[in-house]
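Trainee: I would like to go through this model with you, one point at a time, before I use it.
Mentor: Then let us look at the structure together.

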Amino acid sequence: MLDIVLEHQFLGFIICILAYKIGQWISEKVKTPVANPLLLTIILIIVFLSVTGMKVEQFQIGGSLVNMLLAPATAILALSIYRQREVLKEYFLPVVIGCLAGSITSIGSVIILCKILRVDDAMTASLIPKSVTTPIAMKVAESLGGISSITVAAVVLTGIVGAIMAPLLIRVFRVKNPVAAGVAIGTCSHAMGTTKAIEIGEVEGAMSSVAIGVSGLITVLVSTLLM
């Protein structure tokens, strides 16, 4: 009976939804940045697969449906950008310069660290787009000869760390300007960080959403120079 349930084609999708809702509930109860809903979701799914013995290939049949929603979910962020369009007009140049600085720093740090640690070219290419949203990161990694699965893992890890550390770093460095805070979060930790930026404030969320698109475009352009 268990085998029949585990082989259901939509089970992976259902597991993702339930795990996230549980993670979200735990996060709301605990109220600590470390209890990030996405991080808890990953842990819960790993535990479920380990306990039930469900194969990753079986899980991915339904779980892959979640990947189809990545691009539409990113596009929805345009709503918050539209609501803050006047702020964007006022700070357009600083936003672009901030995204440019953040993107180049992210890419440059990966290349330098990989050189120091003698990481092979395929792994380096996989890590270069770690700070942009998943659909863009996968395409960039593939064009550079990277491994998309490693890229996805790096993007998720970067997003989780960004979402957890963003509130703390804003306080430590005393970032008072909501535009600066939003651009910093979106540039370094894409959509996952943006969910935290939205919680911090609407302006932060809107500017973080803008940073996702701008930094993604910059990363694509820079990657063409690396090919």
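Trainee: Is Ala166 buried or exposed?
Mentor: This is a predicted model, in which local features need pLDDT of at least 70, side-chain atom pairs count only at pLDDT 80 or more, and totals for chains, interfaces and linings use all residues. Residues are numbered from 1 along each chain as its sequence is written, and side-chain values use heavy atoms, with hydrogens and water left out. Ala166 is found in helix 11, residues 148-172, where helices are DSSP runs of H or I with at least four residues, numbered from the N terminus. Buried means under 20% relative accessible area, exposed over 50% and partly exposed in between, with a 1.4 Å probe and protein chains only, so at 8% relative accessibility Ala166 counts as buried.

Trainee: How many disulfides does the model have?
Mentor: A disulfide is here a pair of cysteine sulfur atoms within 2.5 Å. Cys114 is buried, with a relative accessible area of 6%, whereas Cys188 is partly exposed at 40%. By the distance rule, the count of disulfides is 0.

Trainee: Which helix supplies the largest share of the lining of the largest cavity?
Mentor: A cavity is a set of points, on a 1 Å grid over the protein atoms alone, where a 1.4 Å probe fits but cannot get out, and lining residues have an atom within 4 Å of a point. The count comes to 1 cavity of 30 Å³ or more, and the largest has a volume of about 50 Å³, where grid points are joined across faces, edges and corners and the volume is the space filled by probe spheres set on the points. Helix 8 (92-116) and helix 13 (202-226) each supply at least two lining residues. The largest share, 4 residues, comes from helix 8.

Trainee: Where does Arg174 lie, and what is its phi?
Mentor: Most residues other than glycine have a negative phi, and most peptide bonds are trans. Arg174 lies in the loop between helix 11 and helix 12, and Arg174 is exposed, with a relative accessible area of 68%. Its phi is positive, near 55°.

Trainee: What is the phi of Arg118 near?
Mentor: Arg118 has its place in the loop between helix 8 and helix 9 (121-127), and is exposed, with a relative accessible area of 79%. In this residue, which is other than glycine, phi has a positive value, near 60°.

Terms used:
1 Å grid on protein atoms, 1.4 Å probe; cavity = no way out; pocket = protein on both sides within 12 Å on 5 of 7 lines; lining within 4 Å.
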